Amino acid sequence: MEFFSDIRVKPWLEAQVEIDNAHSGGSIALPKEKLALRVFVGVVGVVFSLSVVAYSDRMILADWNPVPEPLIMWINLAVLLASSVAMQWAVVNSHRDKMANVEVGLLVGGAFALAFLAGQLLVVRQLDALGYFAPTNPALAFLYMLSALHAIHLIGGLYVWGRTVLRIWRGYEARKVYFSVELCAFYWHFLLALWLVLFVWFVIT
Amino acid sequence: MVDITPEKIENVGPAEVPEADLYHAHSWWTKYVFSQDAKVIAVQYGCTAVAIGLVGLVLSWLMRLQLGFPESFSFISPELYLQFVTMHGMIMVIYLLTALFLGGFGNYLIPLMVGARDMVFPYVNMLSYWIYLVAVLVLCASFFVTGGPTGAGWTLYPPQAILTGTPGGAGWGIVLMLVSLSLFIIGFTMGGLNYVVTILQGRTRGMTLMRMPLTIWGIFTATVLALLAFPALFVSAIMMTLDSVLGTSFFMPAIVEFGEQLSYGGGSPVLFQHLFWFFGHPEVYIVALPAFGIVSDLLSIHARRHIFGYRMMVWAIVGIGALSFVVWAHHMYVSGMNPYFGFFFATTTLIIAVPTALKVYNWTLTLWRGDIHLTIPMLFAIAFIITFVNGGITGLFLGNVVVDVPLSDTMFVVAHFHMVMGVAPILVVFGAIYHWFPLMTGRMLNDAMGRFHFWVTFVGAYLIYFPMHYLGFVGVPRRYWSVDDTSFIPDSAADLNAFITVAALIVGFAQVVFIFNIIVSTFKGKLAERNPWKATSLEWQTDTVPPGHGNFGKELPVVYRWAYSFSVPGTKDDYVPQNIHPDDVKLVSSESNV
C-alpha cells in the first residue's frame, strides 16, 4: 500500500475521477485474514516493546538483581526454533500440495510448541528451587511476566493450530487448510522472533 | 466524468452476493442479542456506553453537591468523594466516549459509509462487544466490594493507588479497575482489528481512500492510535496488578505506610506515569479524531457546501494522530523531569496546535458562503467548534511549563480538559445522534425537545466551565473534598462553586429530556424521509431505511465521486450522492436528463 501517495491525490479533479472510478476497493493486496494477523502482530509487538522499555527503565535502579538463565531456557529456545521450522516445512509442502507432509509439519510444530510451554514451567520450578523466587526482585518479576505474556500468546496460537488440525481431520478443502497453515506459520515465526529478542535481552542483562 | 468499470482483484469480495451467502440470523437471540450485524452491535455498544455514562453523570452530580454545598451532604465522606472523582473520570473517558465513538459510531458507520455488507470479521466483532460488557460489569462490581471502588484518581498513580490509605487501594477496588481496563483493551483490540481491516480491505468499488468521508478518516486514525496506545495501559495495568496482588515492585518504591515498612522496594512510580500518559495523551485524540471527522461531515451536509480543504483535513487528522505520540510528558511537568525534557514536550505540544488550528480554519471556511441550515446537528457542530477552540486555547496555556506548574492540580486544568475532551466531543455525539437517528430508526427526533436540549446543554456547559477557570486561577485545587477556610482562597470561590453546581444539575437534567426524546421518537417520532438531510454518503443510499442486514441488498453500490458534492454548479439538485452514475446526474440545462 502506498499510503502516502494515496492520500496526496485530489479526488475532485476530472483526471483523478477516471482513475478512482476504476479502483477495486481494497488498499492492500492481501487477504483480510493475513492483513488482520499483521495488524494484530503489530499490536502485540507494541505490548512487548513497551514492556522491554519498562524493563530497561527499571533495571537502572539500585535493587536490580540479575537472574541466571538456567540451561533449560536454552533448550526451550531450541525447541521453539524447531517448532517454527516444522511450521515452515508445512508451508513449503502446502505449496507443493503434499497434504500428508503438511499434516506432519503441523503436528510436529504444535508438539514442539507444547513442549516449549512445558519447558517454560520447568524454568519457573528450577529458579524457585535455586532460591530465586522473590516477588520483590524486579529482574525475576520481569522474566516471569514477559514469559507468561509470551506463553499466553502462544496458547492463543495453539487454539488456531488446533482448529487447523481439526480441519485436516474433517477433510476440509486443501486450499483452506493451506491458508490456515500459512497463518499459523507466520504467527509462529513472529513468536519465535519475539522470544529471541526477549531471550537475548534476558541474557545480556 | 468518464465511467470505467472497476476490475475485480483477488483480495476484494464480489459486489454481488447470492442470497444464500448472506448471513442471516436464525433466531431472536442471534438477531438482537448475540448478533453479528455491526449495526446491532453498534446499538449494543451505544446503549451500554450511555448506561454507564449515566452512572458517571450521577457521580459528577454527587461531586458537585459536595463542592457547591460542602456542609449539606454528610453522607459524602472524603473517601467517597475521591471514589466519585475516580470512577467518573474513568467511566467518561474510557467506557463512555471511547466505546461510543469507536464501538458505537464505528460499528454503525464504517460498513455503511465504505459500502461494505458488514465488518470483515463479524464473529470477532460480536465478541468485542461482549468483552466490553464484561469489562463494564467488572467495573460496576467494584461499587459493591468491601472498601468500594478505587479512589486513586483516574490516572491511578502509584504508589498511592495500591496503598491502604487510598479508598479501594488495599482491597478489590483497584484490582477490579485494572482487570476491567485489561478486559476493555482486549475487547477493543478485537473491534479495532475489524475497523482497520474493513476500512482498508472492505471498501466498495470506486471508494478510494481519498473518497472516504472524513468521519471514516477520523475513526480509522483514532483506531490506529488506540491499537498502538492501549498496549501502554495494558502493560501498566498488568504490572500494577502484579504489584498489588503478588507484591512485585515494578512501580512501588520502598515505602512506609502508617509507620510500617512495606515489603516493596526500588520500584519507579514515574515509570508508571510515562506508560500511563503514553496511552493517556493519544487517548485525547482517540476521542477527538472521530469527533473531528463527524463534525466535518455535519458541517458540510448542513451547510450544503463541500468541506473546505479535504486533503488538508485528511493530512491534519493523520498528522495529529502521529504527533499525539510525542507529547505525553506535558502531563508530567510537575513530576520532577529534566527541564530539557519539558522543553521538548512543550515544543511538540505547540506544534500539534498547527494541524489542529488548520482544521478549525477549514471548518469555518466550509461555513463561509454556505447555505447554512441551522438544524439541530448543525447547532451542535457549530457549538463544537466554539467549545473546542476555547478548550484548545487553554491547552496552549497548560502546554507551557512555566504556566502549567502553578496551574497544575487546580480547577483550571479540570475546566480545560472538560471543555476540550468532555464537552466538545459530547456535543459531537449529540449532533451525530440527531443526524443519524433517522437512518437508524426511520423516524425523526422531536425538534422542539432537541432545541431545548441543545441550548441548555451548550449554554449550561459554559456556565459550568468558564467560572471553573477562574477558580483555578485563584488556586482552588482539584480532587479536594473541601477547601474549608483556606486563607488564600476568597469567599467568592464558595459562591461560584454553588453556582456551578446548580448549573451542572440543570445541564444534567436536560440530558433526561434528550433520553426521553430518543425513547419517544423511536416509537412515535415523525416518519423520516429516506434521506432527510439530503446527504451524499453511502449510508443514506441503502435499499431500505433502516438498512437491513447486508446493508445494500443484492449488489453493492459503486462509487463515482467523493462525499462532498454539494451545490455543484450545473446540477439540478444541490447534492449528488456518491453512487449516482455520472450519466444519471440531473443537470440544469437538460431537464430530460434523468
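Start by selecting Pro546(B), which sits in the segment after helix H14 (492-524) of chain B. In this predicted model, the peptide bond from Val545(B) to Pro546(B) is cis, and its omega is near -5°.

Next, select Pro158(B) and Pro159(B), which are joined by a cis peptide bond with omega of about 5°. As for location, Pro159(B) belongs to the loop between helix H4 (122-141) and H5 of chain B.

Stay in chain B and go to Asp409(B), in the loop between helix H11 (401-407) and helix H12 (411-441). Check the backbone here: phi of Asp409(B) is near 65°, a positive value in a residue other than glycine.

Now move to chain A and select residues 71-95, which form helix H4. This helix has 25 residues and spans 37 Å from its first C-alpha to its last, close to the 36 Å expected at 1.5 Å a residue. Just after H4(A), select Asp97(A), whose phi is positive at about 60°.

Aromatic rings are the next topic. Over all chains, 64 aromatic pairs are counted. One of them to display is Phe40(A) with Tyr187(A), a tilted pair with 6.3 Å from centre to centre and 35° between the planes. Which helices does the pair link? Phe40(A) is in helix H3 (residues 32-58) of chain A and Tyr187(A) is in helix H7 (residues 174-204) of chain A. Select Arg211(B) and Asp20(A): their side chains meet in a salt bridge at 3.7 Å, N to O. Across the interface of chain B and chain A, the count is 1 salt bridge.

How many residues of chain B are in contact with chain A? There are 58, and they touch 46 residues of chain A. The area buried between the two chains is about 4500 Å², with carbon and sulfur atoms giving 70% of that area. On the chain B side, pick out Gln201(B), Phe250(B) and Arg311(B), which lose the most area to chain A and together make up 12% of what that side buries.

For polar groups, display the 16 residue pairs in polar contact between chain B and chain A, both residues at pLDDT 80 or more. Then colour helix H5 (172-201), helix H6 (214-245), helix H7 (269-302) and helix H8 (310-323) of chain B, each of which supplies at least two residues of the side that touches chain A. Which helix gives the most? H6(B) does, with 11 residues.

Finally, colour the side of chain B that touches chain A by residue class: 38 residues are nonpolar, 14 polar and 6 charged.

Definitions and conventions:
Residues numbered from 1 in each chain as written. Chains lettered and ligands numbered in written order. Heavy atoms only, no water. Contact = heavy atoms within 4.5 Å. Buried area = accessible area lost by both parts, 1.4 Å probe. Salt bridge = Lys/Arg side-chain N within 4 Å of Asp/Glu carboxyl O. Polar contact = N/O pair within 3.5 Å; in protein donor to acceptor, adjacent residues only side chain to side chain. Helix = DSSP H or I, 4+ residues; strand = E, 2+ residues; numbered from the N terminus. Nonpolar A, V, L, I, M, F, W, Y, C, P; charged D, E, K, R; others polar. Expected span 1.5 Å × (residues − 1). Phe/Tyr/Trp six-rings, centres within 6.5 Å; stacked < 30°, edge-to-face > 60°.
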